[in-house]
Amino acid sequence: MGTPTIDGDLTGSIDEGDISIGGDLDDIGLGTSNSDDTFTITLQGTYGTATINSTTGDWTYTLDNSDPAVIALDPGDTLTDIFTVNMLDNDALGDGQSDTADVTITINGIVCFAKGTQIETPTGPQSIENLNAGDACLTACGRARQIRWIGRHELTGEDVSNGTKLRPVRITKGALGDGLPLRDLLVSRQHRMLVRSQIAKRLFGVHEVLIPAIKLTNMPGIFIDNEVRGITYFHILLDQHEVILAEGAPSESLFIGPEALKSIGPDAQEEIRTLFPEIADLDFYPRPAAHIPPGKRQKQFVEWHLKCNRPLL
């Protein structure tokens with residue numbers, strides 16, 4: 001007699017302002033399979049709603065961006081939510097047994113660069129902490145774009161120690177390929193890097209995609225830096241979502257819409273709404289600078305790069 005056991009995507013990560021993420025659960029029990037399993041949500045999360053395909057185990061978590069706890073997230077902060085799944089094995093080997101597992105969702109404050117990051121500008125690289133609203137930075141296409149707003153959030157060593165999810169991802173010199181980044185680059189976990197490859201074309205129909213740094217940590221030279229004790233995060237807002245150059249590597253500017261705006265403090269909200277009154281329009285939706293694949297496909301994309309031993313740029 002087999003014993004059903006839930007495994008698969010038991011964790012997920014989503015940024016405030018994003019709508020939903022997904023994953024897949026499987027029965028890995030000895031002598032059992034997914035073919036006759038029935039999946040159900042037995043306990044919902046606190047800050048979002050989970051649904052699951054009863055046959056395949058594919059789940060979706062939809063974040064409630066109007067929840068006060070989500071709204072109160074500062075850049076670099078995280079919030080944890082949990083929903084519970086039951087899997088009933090209906091085949092002969094499973095003999096009606098079931099298994100229960102929790103799926104843990106990390107909700108992240110908006111994405112940021114670390115202090116000291118060199119941002120490419122028309123006059124050459126500048127440390128991000130020396131840039132101000134009104135200054136210009138260069139996009140990956142070589143166009144100058146005015147910085148409309150810069151935010152910062154300081155985390156002490158105690159903050160980082162108490163919240164391991166706040167530790168940055170270090171992308172070491174040259175780890176992306178083509179000699180990039182030019183120096184080690186520190187970004188928050190959910191900060192998206194532009195990846196350009198034939199594998200992206202094959203999987204998504206486009207050569208360029210934006211992938212969160214945390215998803216790239218299986219690649220050589222990219223890892224969570226547990227040695228960082230304290231860190232100051234910065235984020236750059238332009239007229240629209242752009243790919244800019246950080247330590248020479250293509251990376252996103254702040255991607256912000258009506259929901260993501262709620263995660264910023266009241267004073268910053270007022271300032272940004274003055275700059276971008278269209279954000280208040282219910283029909284407004286920001287256009288991403290490049291294709292952003294769903295979470296499950298991001299994992300597949302990185303696995304293909306590892307398998308084929310191909311650089312990310």
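Q: Which residue in S6 is the bridge partner of glycine 48?
A: This is a predicted model. S5 and S6 pair in the antiparallel sense, over five bridges. Glycine 48 has its bridge partner in S6, and that partner is leucine 63.

Q: Is the pair of tryptophan 59 and phenylalanine 83 edge-to-face or stacked?
A: A pair of aromatic rings is described by the distance of the centres and the angle of the planes. The centres of tryptophan 59 and phenylalanine 83 lie 5.5 Å apart, with 70° between the planes. Planes over 60 degrees apart count as edge-to-face. The pair of tryptophan 59 and phenylalanine 83 is therefore edge-to-face.

Q: Which strands does the pair of tryptophan 59 and phenylalanine 83 tie together?
A: Both residues are buried. Trp59 and Phe83 also belong to one aromatic cluster with Tyr61. Tryptophan 59 and phenylalanine 83 are 24 residues apart in sequence. Tryptophan 59 lies in S6 (residues 58-63) and phenylalanine 83 in S7 (residues 78-89), so the pair ties together S6 and S7.

Q: What is the angle between the planes of phenylalanine 204 and phenylalanine 301?
A: Phenylalanine 204 and phenylalanine 301 are both buried. Phenylalanine 204 lies in helix H3 (residues 198-204) and phenylalanine 301 in helix H6, so the pair ties together parts 97 residues apart in sequence. The ring centres are 5.8 Å apart. The pair is tilted, with an angle between the planes of 45°.

Q: Is aspartate 9 buried or exposed?
A: Aspartate 9 forms a salt bridge with lysine 299, with the closest N and O atoms 3.8 Å apart. Aspartate 9 sits in the loop between S1 (6-8) and S2 (11-15), while lysine 299 is in helix H6 (residues 295-308), 290 residues apart. Lysine 299 is partly exposed at 45% relative accessible area. Aspartate 9 has 18% relative accessibility, and buried means under 20%, so aspartate 9 counts as buried.

Q: How many residues apart in sequence are the parts that glutamate 242 and arginine 145 tie together?
A: Glutamate 242 and arginine 145 form a salt bridge, the closest N and O atoms being 3.0 Å apart. Glutamate 242 lies in the loop between S20 (231-237) and S21 (243-246), and arginine 145 lies in S13 (residues 144-146), so the tied parts are separated by 97 residues.

Q: What is the relative accessible area of aspartate 239?
A: Aspartate 239 meets arginine 148 in a salt bridge of 2.3 Å, N to O. Arginine 148 is in the loop between S13 and S14 (149-155), and aspartate 239 is in the loop between S20 and S21. Aspartate 239 is partly exposed, with a relative accessible area of 47%.

Q: Which residues do salt bridges that share partners join into one network?
A: Side chains of opposite charge can pair when their charged atoms come close. The structure holds nine salt bridges. Shared partners build one network from Arg170, Asp184 and Asp225.

Definitions and conventions:
Residues numbered from 1 in each chain as written. Predicted model: local features only at pLDDT ≥ 70, side-chain atom pairs only at ≥ 80, totals over all residues. Heavy atoms only, no water. Salt bridge = Lys/Arg side-chain N within 4 Å of Asp/Glu carboxyl O. Helix = DSSP H or I, 4+ residues; strand = E, 2+ residues; numbered from the N terminus. Buried < 20%, exposed > 50% of the residue type's maximum accessible area, 1.4 Å probe, protein only. Phe/Tyr/Trp six-rings, centres within 6.5 Å; stacked < 30°, edge-to-face > 60°. Pairing = 2+ DSSP bridges.
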